[in-house]
Amino acid sequence: AAASFTEAVTGLAQGTGYFYVAEILDAAGGTVISTSAECTGATLSAIASCSAATDLAATTMTLNGAATNTVAVNGVRVRYGTATGVYTITTAEQGAAASFTEAVPGLTTLTDYFYVAEILDAAGGTVISTSAECTGATLSAIASCSAATDLAATTMTLNGAATNTVAGNVVRFRYGTATGVY
């Protein structure tokens, strides 16, 4: 009769490839009575992933990600830069966690940022994970307007807000008598 079977194996080493064979033994349990093919199990590797940056401001953002298949001794770090595949800045290592965030200050307005998350070995020096690149964000100032107030025969007050600005930015209104013509 055909039957399937499974066995949970523990105590394996991270970053190591494993192979296995399945065998059928005789009733006494001592003689292999089957043919068996070697099977490739898997390489137990840590996986880092990143998700959309949050808390965007003129010169800061928060990078977010997750770590899977890690053990307690792994650490996580983020590398980022202004070109895809070129990461010139590395953050400090964070302790092992299933998810992480990294607040990054000192960025440049109107600049694209890209990042990868990495899981490190127990010694903290070797990257043991795979990671897909994430697009951080383009940091840009945002202007918005709200309804005009203090309307009179020949005057009104224009109202607005500016977010993600830095020192030296100038805020202004332009107006006209048709949409898109100011």
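What pattern does the protein follow when read along the sequence? The answer is β-β-β-β-β-β-β-β-β-β-β-β, which comes to 0 helices and 12 strands. Helices (H or I, at least four residues) and strands (E, at least two) are DSSP runs, numbered from the N terminus. Please keep in mind that this is a predicted model, in which local features need pLDDT of at least 70 and side-chain atom pairs count only at pLDDT 80 or more, while totals for chains, interfaces and linings use all residues. Residues are numbered from 1 along each chain as its sequence is written, and side-chain values use heavy atoms, with hydrogens and water left out.

**Overall picture**

- Of the 182 residues, 22% count as buried; buried means under 20% relative accessible area, exposed over 50%, and partly exposed in between (1.4 Å probe, protein chains only).
- Among contacts (heavy atoms within 4.5 Å) with a separation of 6 or more, 52% come from residues 24 or more positions apart.

**The largest nonpolar core**

- A nonpolar core is a set of buried Ala, Val, Leu, Ile, Met, Phe, Trp, Tyr and Cys residues joined through side-chain atoms within 4.5 Å.
- The largest one has 16 residues, and Met61, Leu63, Tyr80, Leu107 and Tyr115 touch the most other members.
- At least two residues of this core come from each of strand 3 (46-54), strand 4 (61-68), strand 5 (75-81), strand 7 (99-104) and strand 8 (112-120).
- Strand 8 gives the most, with 4 residues.

**Strands 8 and 5**

- Strand 8 has 8 of its 9 residues buried, so it is largely enclosed by the rest of the structure.
- Strand 5 runs antiparallel to strand 8, joined by 7 bridges; two strands pair if DSSP finds at least two bridges between them.
- Across this pairing, Arg77 stands opposite Glu118 in strand 8.

**Strands 4 and 7**

- Strand 4 pairs with strand 7 in the antiparallel sense over 6 bridges, and Leu63 stands opposite Glu102 in strand 7.
- Beyond its neighbours within four places in sequence, Leu63 is in contact with residues including Ala53, Val78, Tyr80, Phe100 and Tyr115.

**At the surface**

- Leu151, Met156, Leu158, Phe173 and Tyr175 make a nonpolar surface patch of about 570 Å².
- Leu151 lies in the loop between strand 11 (142-149) and strand 12 (157-163) and is exposed, with a relative accessible area of 63%.
- Patch residues have over 30% relative accessible area and no salt bridge, with nonpolar side chains (Val, Leu, Ile, Met, Phe, Trp, Tyr) joined within 5 Å; a salt bridge is a side-chain nitrogen of Lys or Arg within 4 Å of a carboxyl oxygen of Asp or Glu.

How values were computed. Patches are made of residues with over 30% relative accessible area and no salt bridge: like charges are joined within 9 Å, nonpolar side chains (Val, Leu, Ile, Met, Phe, Trp, Tyr) within 5 Å. Accessible areas come from the Shrake-Rupley method with a 1.4 Å probe; for residues, only the protein chains shown count as cover.
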